[in-house]
Amino acid sequence: MNKAVGPFDVYHETIAQLAGNGIILLAGNPPNPMTIGWGTLGEIWHMPIFTVLVRPTRHTFGLMEQAKDFTVCVLSDRHKKHLALCGTKSGRDMDKIKVCGFTLAKSTHILTPYIAESIIHYECRIVHKHRLDPASLDPAIDTKYYQAKDWHMVYYGEILGTFVDCEIAR
Ligand SMILES: Cc1cc2nc3c(=O)[nH]c(=O)nc-3n(C[C@H](O)[C@H](O)[C@H](O)COP(=O)(O)O)c2cc1C
């Protein structure tokens with residue numbers, strides 16, 4: 001069972017996992033899980049917003065380009081191996097949901113489902129996107145992260161719902 005909470009109520013838990021083993025960006029139909037380590041959680045346009053960064057080389061990029069929404073799923077450290085798999089294997093080559101043994105559950109606010117094994121999940125509607133502009137980027141960052149000129153697309157998701165597994169909500 002999940003409990004609805006405020007969009008920033010589990011901010012620290014979310015960012016700690018994002019900066020640790022990563023969290024899952026789930027998008028597409030059928031949904032494909034991709035591990036992400038970069039993103040922000042904040043307030044823009046008087047809306048709670050989750051931004052996620054996707055390189056154009058990812059299978060997820062094509063899915064996000066077609067998508068209206070996505071979920072962000074935070075898994076516990078028990079799923080470290082699954083996070084590594086979803087961050088190294090492509091949905092072009094395998095059904096990562098099946099390989100990881102994840103269960104998909106119906107979201108409350110959007111069409112994209114979420115991973116039932118998550119401890120936290122966010123339901124997000126895409127309200128904006130833009131490609132990182134190398135002309136405006138610190139040259140040191142550009143050299144360090146974009147040798148292949150594969151600048152990320154940044155997707156802005158309005159957070160319509162934030163849910164916590166009742167086990168950790170107690
Ligand atoms: C810890 C971790 C964090 C990652 N963060 C991102 C990210 O923020 N953006 C991105 O485009 N790729 C990121 N990746 C790489 C993708 O997860 C990886 O290329 C994945 O295999 C792409 O899956 P897909 O082709 O099914 O979309 C990360 C990988 C790991 C292991």
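Modeller: Leaving aside neighbours within four places in sequence, Arg-131 is in contact with Trp-151 and Met-153 (contact means that the C-beta atoms, placed from the backbone, lie within 7 Å). Before we go on, this is a predicted model, where local features need pLDDT of at least 70, side-chain atom pairs count only at pLDDT 80 or more, and totals for chains, interfaces and linings use all residues. Residues are numbered from 1 along each chain as its sequence is written.

Arg-131 sits in strand E9, residues 120–131. Helices (H or I, at least four residues) and strands (E, at least two) are DSSP runs, numbered from the N terminus. Is Arg-131 buried or exposed? Arg-131 counts as exposed because it has 10 C-beta neighbours inside 10 Å. For that label, 20 or more other C-beta atoms within 10 Å make a residue buried, 12 or fewer make it exposed, and anything in between is partly exposed, with C-beta atoms placed from the backbone. Between Arg-131 and Tyr-146 there are 13 Å from C-alpha to C-alpha, and the two are 15 residues apart in sequence.

Met-153 takes us on to strand E10, which covers residues 153–165 and pairs with E5 in the antiparallel sense over six bridges (pairing needs at least two DSSP bridges between two strands). In the loop between helix H5 (139–145) and E10 you'll find Lys-149. Phi of Lys-149 is near 55°, a positive value, and this residue isn't glycine. That's worth a glance because most residues other than glycine have a negative phi. Lys-149 is exposed, because 8 other C-beta atoms lie within 10 Å.

Now for the other partner of E5. Strand E4 (residues 39–44) runs antiparallel to E5, and six bridges join them. Here Glu-43 stands opposite Pro-48 in E5. The E4 and E5 hairpin has two residues between its strands, and Trp-45 takes a positive phi near 55° there. Trp-45 is exposed because 10 other C-beta atoms are within 10 Å.

Which residues of H2 are buried? They are Thr-60, Leu-63 and Met-64. Seen down the axis of H2, the buried residues fall within an arc of 100°, so they line one face of the helix (the arc is that of the directions from the helix axis to the C-beta atoms).

Technical notes. Two residues are in contact if their C-beta atoms, placed from the backbone, lie within 7 Å.
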